[in-house]
Protein chains: 2
Amino acid sequence: MDTPLVMGLIGFGNIGSGLARTLAEREAEIRARSPRPLVLKTIADRDTETRRDAPYDHAQLQSDADAVLYDPEIQVVIELIGGIEPAHAFVRKALESGKHVVTANKALLAEHGAELLELAARNGVGLLFEAAVGGGIPIIRALQQGLAANEMTAVQGILNGTCNYILTRMSERGLPFDEALGEAQDLGYAEPDPTFDIEGHDTAHKTAILASLAFGMDIRPGDVFVEGITRIQPVDIQYARELGFRIKLLGIAKRAETGGPVEVRVHPTLTPAASPLGGVGGVYNAIMVDGRPIGPTMYYGQGAGPAATSSALISDLLALAADVGGFNAARDARLRIPSGQRRIKPMDELRTHYYIRFTMADRSGVMALIGAALAGHNVSIESMIQHRTMTPDGAATISIVTHQAVEADVQAAAREVEASNTSAGPAFVLRVEE
Amino acid sequence: MDTPLVMGLIGFGNIGSGLARTLAEREAEIRARSPRPLVLKTIADRDTETRRDAPYDHAQLQSDADAVLYDPEIQVVIELIGGIEPAHAFVRKALESGKHVVTANKALLAEHGAELLELAARNGVGLLFEAAVGGGIPIIRALQQGLAANEMTAVQGILNGTCNYILTRMSERGLPFDEALGEAQDLGYAEPDPTFDIEGHDTAHKTAILASLAFGMDIRPGDVFVEGITRIQPVDIQYARELGFRIKLLGIAKRAETGGPVEVRVHPTLTPAASPLGGVGGVYNAIMVDGRPIGPTMYYGQGAGPAATSSALISDLLALAADVGGFNAARDARLRIPSGQRRIKPMDELRTHYYIRFTMADRSGVMALIGAALAGHNVSIESMIQHRTMTPDGAATISIVTHQAVEADVQAAAREVEASNTSAGPAFVLRVEE
């Protein structure tokens, strides 16, 4: 069984060169765990000039992806260019040519996962993407295989290390958002343009993938309610702490009843400090999966970076190498998602606890006004703090946590308070997960 | 692809009937995730009379395991009787007859895992045991597959829910050990004879399995250093808390250098309260896996009980059902352990931080004596507390935490202090993990 598994890599950036480096450095160990050697024949990248920190020779490196896609000897295409196009066309071409695909491309999978899994199955090949969510954490395998016996009820997690680093620093040091972001950028944890991370879009992509796998639905990023972390103030974090919570950017997918609609949402969330997710700090990721019969489980690790991503990519390559007699993922019902099918619960109907921060003129009658607005929309208060910290213009900050309430009601009450003449700024709503 | 996967179950106790129940209750969902139906044809148990809370008919239930082992139609034997014999003979017979085996039997795997995996590979069948460690947590798959690209450096975990429940109650309520144990027994978390759990043997079995998979060595329970939790006193838990630690019964397997010897040990351990393992309370299990390149990862969930165990057993059955074209685990180098090979680091050579509680007559010179004994064995003190709580006979309790030291030196120093005429009881040594 020494026929090599011949691989072609498209995309030779940070992650791609990390993979090439790990494959070379760990060659002996990988060989010992594989029924056949993994051979990286060709690397394609538009940039063939920049020297990468990885062992490769110039003959291996091609400027045209076709050098990988049209090579009949290549059995596996590793796609690491990211983004939708041309990655989508490359992956389709590879699958249609009977090549397996291993990818870390969360945008592509979130948008076209169901379609591509179907195409892979039709062509008797595998589409593996352990690296797309949670870095090296084997969460995709857990959902597709280890937990396959379960009816999932909830998948929720800290899926973006940049945001978790910023929120951890805000929480530990009382830093304002901009300062924590600047620190993350200085350390290389945040991009020069951090929008995609801090506005929650990266988390939404990952949430769509996890939700699709957990609930067997074709859930797309457009189905996910998304709010980022840019409007969180130190006062929110402080009040959350006083109540025993941490604020975490969570990707949440839940289904209360068998066959019912799925909630899919990404937003900063008050999470109990003593809960498994509440304790996850820094750039780490963690995913809670709850199902019947298993109950709650959690998976934790580094969510990004070349090292963790290489671990996930190579686990997929080893899975392909082990399937020497014909690829079983292609026959495996657990690895499919019915294309186009989904049932999403409208965000307005969400029922949970809420945190609302009001910015009000420091006058009498303000509490009565807030109380009346909430009561008028069936929102009842569980706890309230009026902060001594004032804004520079003399306004007061009042934060409340509600009993269980409905999203539409909470938003209507918040808008009503904002519209009053004692309001001194927008109301800021966060959701609470127990 | 509708040929059913025909299964026979040996052992129809709590776990076996839980599995039968889950297979029936979740039939439609399981069918949707499987290329072929799972059919439970025969159940064997010596007790055919007691009515179980599971759907089965009397014709299915046989008193003789041969009704499963010698039925050529049965493709998978699910072994749930536990213990070494006759389980060992049954599993060997099944594998030799070309039947796949799914088992939750940690004792059998800890003692004979390498031999049985070899036998399975030789017969072209699978031996799957996700349920043997960590209940429903897919930790076996993570080690065999998801993390297969890594060189493991450490696997350590809370592997026994009974012990973790007892230690959590001692920590939260200041209960003495006996009282916490009694409570666990009342709640059904501890057996009437709890020895196997509280003395660490169950954890040692699971540690041997995890260590074997992580380091590719045939590590047996006899290779594992084992200490239970029965000697822990409330004062130890209190002092640990003051220093920011929790006391957890950990199963630990570590290898510092590539190709070097492996530490395998089970003992109550001072674990940082803020660490992922330190925060795991109650009956939950959690396993940290650290490797290169992935870094630290953690897996958390219910470690026992029919529900969690069923989830793991069915994930194995689904893996077998998906391998319709011939079983790939039999060809998969990642699923083997070289029989008989191991290199264990002697416990005496362990180097870590230590916690030592001395019980001493309340006289002057005691501190000097302890200090001299430790210094004489190259053990230096990091922190020390003399507790105000006295024992009834007027002895004082003095607890210290050492800098990194060597096990043999620490034990020798402890023995030296015990031998002095101011000693009023045995010295109690715990190990610290940072």
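How many residues of chain A are in contact with residues of chain B? The legends below begin with this interface. The model is predicted: local features need pLDDT of at least 70, side-chain atom pairs count only at pLDDT 80 or more, and totals for chains, interfaces and linings use all residues. Residues are numbered from 1 along each chain as its sequence is written, while chains are lettered from A and ligands numbered from 1 in the order in which they are written.

**View 1. The interface of chain A with chain B.** Contact joins 51 residues of chain A to 51 residues of chain B, where two residues are in contact if their C-beta atoms, placed from the backbone, lie within 7 Å. On the side of chain A that touches chain B, at least two residues each come from α2 (27–32), α6 (139–146), β12 (295–302) and α12 (306–322). The element that gives the most to this side is α12(A), with nine residues. Helices (H or I, at least four residues) and strands (E, at least two) are DSSP runs, numbered from the N terminus. By class, the side of chain A that touches chain B comprises 24 nonpolar, 17 polar and 10 charged residues. In this classification Ala, Val, Leu, Ile, Met, Phe, Trp, Tyr, Cys and Pro count as nonpolar, Asp, Glu, Lys and Arg as charged, and the others, Gly among them, as polar.

**View 2. The relation between the two chains.**

View 3. β12(A) pairs with strand β12 (residues 295–302) of chain B in the antiparallel sense, over five bridges. Within β12(B), Y300(B) stands opposite M298(A). Strands are taken to pair if DSSP finds at least two bridges between them.

View 4. α6(A) is mostly covered, since eight of its eight residues are buried. Among them are I139(A), R141(A), L143(A) and G146(A). A residue is buried if 20 or more other C-beta atoms lie within 10 Å of its own, exposed if 12 or fewer, and partly exposed in between, with C-beta atoms placed from the backbone. The buried residues of α6(A) pack against α10 (201–215), β11 (284–292) and β12 of chain A, and also against α6 (139–146) and α12 (306–322) of chain B.

**View 5. The parallel sheet of chain A.** Six strands of chain A form an open sheet with parallel pairing, in the order β3-β2-β1-β4-β5-β6. Its edge strands, β3 (61–62) and β6 (127–128) of chain A, each pair on one side only. Strand β4 (residues 76–79) of chain A runs parallel to strand β5 (residues 100–103) of chain A and is joined to it by four bridges. The bridge partner of I78(A) in β5(A) is V102(A). I78(A) is also among the contacts of I10(A), which include A44(A), V68(A) and F90(A) when neighbours within four places in sequence are left aside.

**View 6. The surroundings of V68 in chain B.** V68(B) lies in helix α3 (residues 66–69) of chain B. With 25 other C-beta atoms within 10 Å, V68(B) is buried. Although V68(B) and G8(B) are 60 residues apart along the chain, their C-alpha atoms are separated by 5.4 Å. Not counting residues up to four places away in sequence, V68(B) touches G8(B), I10(B), T42(B), A44(B), I74(B) and V77(B). Six bridges join the parallel strands β1 (residues 5–10) and β2 (residues 38–44) of chain B, and V6(B) has V39(B) as its bridge partner in β2(B).

**View 7. Domains 2 and 3 of chain A.** Chain A is divided into domain 1 (5–139 + 306–335), domain 2 (150–300) and domain 3 (349–432), with bounds from an automatic or database domain assignment. The C-alpha centres of domain 2 and domain 3 of chain A lie 23 Å apart. Contacts link 11 residues of domain 2 of chain A to 14 residues of domain 3 of chain A. On the domain 2 side, β10(A) gives the most, with five residues.
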